[in-house]
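The model is a predicted one.

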Amino acid sequence: MPREFDSLDALLDHGFDTVIDVRSPAEFAEDHVPGAINLPALDNVQRAEVGTMYKQVSPFDARKMGAAMVIRNVADHLNGPLADRDGSWRPLVYCWRGGQRSGVFAMLLSEIGWRAETVKGGYQTFRRLVNRALYDDPLPHELILLDGNTGTAKTALLPMLAERGAQVLDLEGLACHRGSLLGAMPGGQPAQRGFETALACALRQLDPARPVIVEAESSKIGRRTLPPSLWRAMLAAPRIVMDVPLPARAAYLARAYREVIADPDIVAKRLAPLRRLRGHAVVDRWVELSRQGALEDLSTALMLDHYDPAYTKSRRIDERAVLAVVETGALDQDGLARAADAVVAAIGR
């Protein structure tokens, strides 16, 4: 009988030895239960073939062909990834809806002697629970925004705050993007569903009785969108503002984004959308500074011509209380350490 889960906590604290996602690799890559391994009942090509036969020939022929494929794939998994499992192993198996793929897979494992169970509703149950946590239930956490203009090292401060015992939520880390036109990271971003799963799991680890530091962001980080409950909480949250002189910010930005802004082709491509907003002459000057290797001058120009005016326009200062303004003249390791100490002190007040 399929195992039923009525909360995200219950599903993530499932108590089984292994969670097996038997969906195709493409489905698994988009999103999956954290910690699950992918042992496809049907690979990407096979799933497409079965779907085509279901629509163009008949459901019966599709199920027959699919069953043969599943049995062969399970045999490969038994001789491969599952070869070292002993008789006490307890797997929890799920597919898209908790139907045929997981049912056949779990049945074959059970026939061997393992205590295999399936998830009622499959991945769709998991997805509903994530949606409930992020879209339906009110966010129980008290947020404090770490704010400040571009180049004030807010992202670099987050792990330092965590080392000092503060609770932090690194949205850019979860979204795999640094939150600007120049912010794309190697490997690209997770799918929206994958981002939301990571976010729900990160929030689950945080104590609602203690404040959570979140870097001030827009409602989108790259192509990933923040859930409305989190975004509303961020708009209403008080702020700790980083105040850093422009030369120190430019030096920090030149170091942090060197691999991006040192390449004039990347600069031209990623900043092309700003031509309509800032004008061709301004963007051409940015590209030329990159070509000359004048990275601190380029960083200064980017902040003066674009980022600082954009932040001033969008910050909505009147809607958020300012808990503290943290000033630092340098963003080297000593300066960052002093700033982190000051932020932690402001949280305590």
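Q: What makes β1 and β3 paired strands?
A: Two strands pair if DSSP finds at least two bridges between them. Strand β1 (residues 18-21) and strand β3 (residues 91-94) are joined by four bridges and run parallel, so they meet the criterion of at least two bridges. Within β3, Leu92 is the bridge partner of Val19.

Q: Why are β2 and β4 said to stand at the edges?
A: The open sheet has four strands in the order β2-β1-β3-β4, with parallel pairing. Because β2 (37-38) and β4 (117-118) each have a single partner strand, one side of each is left without a neighbour in the sheet.

Q: What makes helix α5 a helix that packs on the sheet?
A: Contact means heavy atoms within 4.5 Å, and helix α5 (residues 100-112) touches β1, β3 and β4. The direction of α5 makes about 155 degrees with that of β3.

Q: Which residues are named as nearest the centre of the second largest pocket?
A: Of its 19 lining residues, Leu42, Val50, Arg97, Gln100 and Arg101 lie nearest the centre. Lining residues have an atom within 4 Å of a pocket point. Helices α3 (44-56), α4 (59-79) and α5 each supply at least two residues of this lining, and the pocket holds about 660 Å³ of space.

Q: What does the lining of the largest pocket consist of, by class?
A: The lining has 21 nonpolar, 13 polar and 13 charged residues. Helix α16 gives the most to it, with eight residues. The volume of the largest pocket is about 1,200 Å³.

Note on methods: Residues are numbered from 1 along each chain as its sequence is written. This is a predicted model: local features need pLDDT of at least 70, side-chain atom pairs count only at pLDDT 80 or more; totals for chains, interfaces and linings use all residues. Side-chain values use heavy atoms; hydrogens and water are left out. Axes are lines fitted to C-alpha atoms, for helices over the stretch in contact, and angles run from 0 to 180 degrees between N-to-C directions. On a 1 Å grid over the protein atoms alone, a cavity is a set of points where a 1.4 Å probe fits but cannot get out, and a pocket is an open set with protein on both sides within 12 Å along at least five of seven lines; lining residues have an atom within 4 Å of a point. Grid points are joined across faces, edges and corners, and a volume is the space filled by probe spheres set on the points. Ala, Val, Leu, Ile, Met, Phe, Trp, Tyr, Cys and Pro count as nonpolar, Asp, Glu, Lys and Arg as charged, and the others, Gly among them, as polar.
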